[in-house]
Amino acid sequence: MRVFVRALVALLVAVLAAASPAIAQPEPAELTIIGPFGVGTPEGDALEAELAAFTTENRVQVVYEEYFGVDDLIDRVTGPDPPDLVISPQPGTLQALAPELVDLGDYVSRMLLRRDFGNYMVDIVTVDGAVLGVPIKADLKSLVWYRPSSFEANGYAIPQTFAELVALSDQMVANGDTPWCNYIESGFATGWMGTDWVEELLLGAEGPVVYDQWVDHDILFADPRVESAFQRFQQMIDTAGYVFDRANMLNFSFFFNAVPLGEQDCLMHKQASFFAAAIQNFGFDLDDFSTFEFPAVDPAYSDAAVGGSFYLAAVTDSNEVGQLVRFLAGSRFGREALAASGTGWVLPNARFDTRRYTDDLTRSHAETVRAAVVAGQFRFDASDLMPPEVGAGTFWFGIVDLVSGAKTIPQVLADIDASWPT
């Protein structure tokens, strides 16, 4: 009897299954994330590989798209069909977009964010208690790239102060060498390399407190301390013999500095950790290059470091967005492709396993960033913290005017102060 009942039940289940249409599985949610990394570039490819790893573990499809400049980012976020998430290197832009953005503290605990990224990195993207972004890529900007073989062959020593850096530059010129590779063209963003110089020279001369006051415009650009930083920058680009192909400084991409540096037409280049990607892109062996920290004007500030970070922000609010935010903010992000990409992509999460980096140089940059963040001595690129009309506007434009000779330092400083929003 029991066998009969079991057989009858099995028959009924089979009949019902045959008569009922298959239950359709819901389509995976689709999220769009926009960022400044070019599709098809090494960084863009590595990021998409990380997003693909997330997709395989979650019923979420992620579409990555490139945007072109701050204005394009703002237009897309405030337009009728905004993306779900954005990646921006400018906390100032995120602050300006605060009404459009989701508080990421709703997805990841603030305590966890501060543990993983440090108070400073969280504070600069916090508006009225809302955490607008989490850093997913860090750049160490307080670096000078060089070829150790060139220095060893000529007996050049690594400088410990800015005065020694100037003396080294003079020594190179006297020996018939050109110290600096310094092309700065960057399309709509031309000028940012010059702002990096100014920021470095101000932080290294006046320290973090004055630097923070300048970022907040409590100290004007016309302040003598800021003007001195501009003067030192001009000294480094306009001293005779200092810069390779000075006449074309505004005409060739900053990425192209890898070529004259690799061919030893110039022996130093001030650039962030991501310059590793340029070196490899032009077919040079990264092992032939190294870096030293850009020396401070005042040795009292030799531990301070300027850097940048690309922040993830959310425009729409959903469970799927929360999933992706937690993945990108976590210590797993980066280990699938980015740490092995050779692009110099530094993962800022303090729990990321630095042993996963496949080159020693990127690992050393990551450890320097981590130490600076933990010590509270890391300072963000000032132009990226300032309001977009200044940091990605008149500050950049002022550098172009200065490099081209169109305006003097006092004129540039007055223009920038006048443009600061009230």
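This is a predicted model: local features need pLDDT of at least 70, side-chain atom pairs count only at pLDDT 80 or more; totals for chains, interfaces and linings use all residues.
Biologist: What percentage of the residues of the protein chain count as buried?

Modeller: Buried means under 20% relative accessible area, exposed means over 50%, and partly exposed is in between (1.4 Å probe, protein chains only). The chain has 422 residues, and the buried share is 54%.

Biologist: Which residues touch the most other members in the largest nonpolar core?

Modeller: A nonpolar core is a set of buried Ala, Val, Leu, Ile, Met, Phe, Trp, Tyr and Cys residues joined through side-chain atoms within 4.5 Å. With 125 residues in the largest one, the members touching the most others are Trp214, Phe221 and Phe230.

Biologist: And which helix gives the most to this core?

Modeller: Among the core's 125 residues is Trp214. The top contributor, giving 11 residues, spans residues 192-215, and that's helix H8.

Biologist: What is Phe221 in contact with, leaving aside its neighbours within four places in sequence?

Modeller: Contact means heavy atoms within 4.5 Å. Phe221 reaches Val226, Glu227, Met386, Phe395, Leu413, Ile416, Asp417 and Trp420, along with Trp214 and Phe230.

Biologist: Where is Ser169 found, and is Ser169 buried or exposed?

Modeller: Ser169 belongs to helix H7, residues 162-174. Not counting residues up to four places away in sequence, Ser169 touches Pro179, Trp180, Met236, Tyr242 and Met268. Its relative accessibility is 0%, so Ser169 counts as buried.

Biologist: How many Å apart in space are Ser169 and Met268, C-alpha to C-alpha?

Modeller: Ser169 and Met268 touch each other. They sit 99 residues apart in sequence, yet their C-alpha atoms are separated by 9.3 Å.

Biologist: On to strands: which way do Leu85 and Ile87 point from strand E3, compared with Val86 and Ser88?

Modeller: Strand E3 covers residues 85-88, and all four of these residues are buried. Leu85 and Ile87 point one way, and Val86 and Ser88 point the other way.

Biologist: In which sense do E3 and strand E10 pair?

Modeller: Strands of a sheet pair through backbone hydrogen bonds, either parallel or antiparallel. Two strands pair if DSSP finds at least two bridges between them. Strand E1 (residues 29-35) joins E3 in the parallel sense over two bridges, with Ile34 as the bridge partner of Val86. On E10 (residues 305-314), Ala313 stands opposite Val86, and E3 and E10 share four bridges in a sense that is antiparallel.

Biologist: In what order do three strands form an open sheet?

Modeller: Strand E7 (residues 143-146) pairs with E8 over two bridges in the antiparallel sense, and Val144 has Lys270 of E8 as its bridge partner. E8 (269-270) and E9 (290-293) each pair on one side only, as edge strands. The antiparallel order reads E8-E7-E9.

Biologist: Where is the place of Asp128?

Modeller: Most residues other than glycine have a negative phi, and most peptide bonds are trans. Asp128 has a positive phi of about 50° although it is not a glycine. With a relative accessible area of 80%, Asp128 is exposed. Its place is the loop between strand E4 (126-127) and strand E5 (130-131).

Biologist: What relative accessibility does Asp245 have?

Modeller: Asp245 also has a positive phi without being a glycine, at about 55°. Its loop runs between helix H9 (224-238) and helix H10 (258-262). Asp245 counts as partly exposed, because its relative accessibility is 28%.

Biologist: Which residues does Ala406 touch, not counting residues up to four places away in sequence?

Modeller: Ala406 lies in the loop between helix H15 (388-404) and helix H16 (409-419). Ala406 counts as exposed at 53% relative accessibility. The residues Ala406 touches are Asp401 and Gln411.

Methods:
Residues are numbered from 1 along each chain as its sequence is written. Side-chain values use heavy atoms; hydrogens and water are left out.
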